[in-house]
Amino acid sequence: MEPFSIPLETIYLYALIISGIITIIYVLFADVFHFHGAGEGLEFLNPVLIFAFVTIMSASGYLFEKLSSIHYLLILGISIVIGFILVTLLHVFVLVPVSNAEESLVYKESDLQGRVGTVITSIPADGFGEVIIESTSGRIAKPAKSFDADSIPNGTRVLVVQVKNGVLEVTVYQHLENFTL
């Protein structure tokens, strides 16, 4: 069949090239434009999934048109099924785990308040030093100053009292081990 007097394999090839280029451009520049899909409950409308579906469907359609003599409607149906299966696998095994891993590494500076860290660069009474805070996801090293205007030597365990302008205000951590009444 030749709609608009253009062979179907040519239409599939053009769709493959165009959707492949758009997919690559979207993956590279999606964060610049801050577009993340249609909504929270409609993950299947993610542009990456739509572009990948069109790319896979057109690639399989082109190959079937080029290499077989199956009826064009059957080729279209098989291509849609192949595209749906591969895009579903892409979503379940790649996109969902990557998006969950990306979210788990994010922290806000206000989350550091109340955490215990270790001084790695001595904090003078009227200056700045550096504190490292360890967690299950890694280590965070931040500039720090003394909340009480006392000097704090290297290696001292400190408590983050507050965070102002990216600088931790810390005090010496005093852990009560045997507190009895």
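Modeller: Strand β2 (residues 129-135) and strand β3 (residues 138-146) run antiparallel and are paired over seven bridges. Strands here are DSSP runs of E with at least two residues, helices are runs of H or I with at least four, and both are numbered from the N terminus. Two strands are called paired if DSSP finds at least two bridges between them. Within this pair, G129 faces A144 of β3. This is a predicted model, in which local features need pLDDT of at least 70 and side-chain atom pairs count only at pLDDT 80 or more, while totals for chains, interfaces and linings use all residues. Residues are numbered from 1 along each chain as its sequence is written, and side-chain values use heavy atoms, with hydrogens and water left out.

Strands of a sheet pair through backbone hydrogen bonds, in the parallel or the antiparallel sense. The β2-β3 pair belongs to a barrel that five strands close in the order β1-β2-β3-β5-β4, with mixed pairing. On average, neighbouring strands of this sheet are turned by 55 degrees against each other, direction ignored. The angle is taken between axes, which are lines fitted to C-alpha atoms (for helices, over the stretch in contact); angles run from 0 to 180 degrees between N-to-C directions.

Strand β1 (residues 116-121) and strand β4 (residues 157-164) are antiparallel and joined by three bridges, and V116 has L159 in β4 as its bridge partner. β4 also pairs with β5, antiparallel and over six bridges; here V160 stands opposite V170 in β5. β4 and β5 make a hairpin with two residues between them, and N165 in that turn has a positive phi of about 55 degrees.

Now the side chains of β3. K142 is a residue of this strand. K142 counts as buried because its relative accessibility is 11%; buried means under 20% relative accessible area, exposed over 50%, and partly exposed in between, with a 1.4 Å probe and protein chains only. Apart from neighbours within four places in sequence, K142 is in contact with Y107, E109, L112, G129, E130, V131, G166 and L168, where contact means heavy atoms within 4.5 Å.

K145 forms a salt bridge with E169, with 3.8 Å between the closest N and O atoms. K145 lies in β3 and E169 in strand β5 (residues 167-172), so this pair ties together parts that are 24 residues apart in sequence. K145 is partly exposed at 31% relative accessible area, whereas E169 is buried at 8%. A salt bridge here requires a side-chain nitrogen of Lys or Arg within 4 Å of a carboxyl oxygen of Asp or Glu. By this rule there are three salt bridges. Another of them joins the side chains of E134 and R139, at 3.9 Å from N to O, and both of these residues are exposed.

K66 and E9 meet through their side chains in a salt bridge of 3.5 Å, N to O. K66 is in helix α2 and E9 in helix α1 (residues 8-33), so the pair connects parts that are 57 residues apart in sequence. Both ends are partly exposed, K66 at 48% relative accessibility and E9 at 26%. Also in helix α2 (residues 47-67) is Y62, which touches E9, Y12 and L13 when residues up to four places away in sequence are not counted.

Helix α3 (residues 72-104) contains F93, which is exposed at 61% relative accessible area. F93 is also part of a nonpolar surface patch with V81, F84, I85, L86, L89, V92, V94 and V98, which together have about 850 Å² of accessible area. Patches take residues with over 30% relative accessible area and no salt bridge, joining like charges within 9 Å and nonpolar side chains (Val, Leu, Ile, Met, Phe, Trp, Tyr) within 5 Å.

For the chain as a whole, three helices and five strands are found, in the order α-α-α-β-β-β-β-β from the N terminus. Of its 181 residues, 24% are buried.

Methods:
Accessible areas come from the Shrake-Rupley method with a 1.4 Å probe; for residues, only the protein chains shown count as cover.
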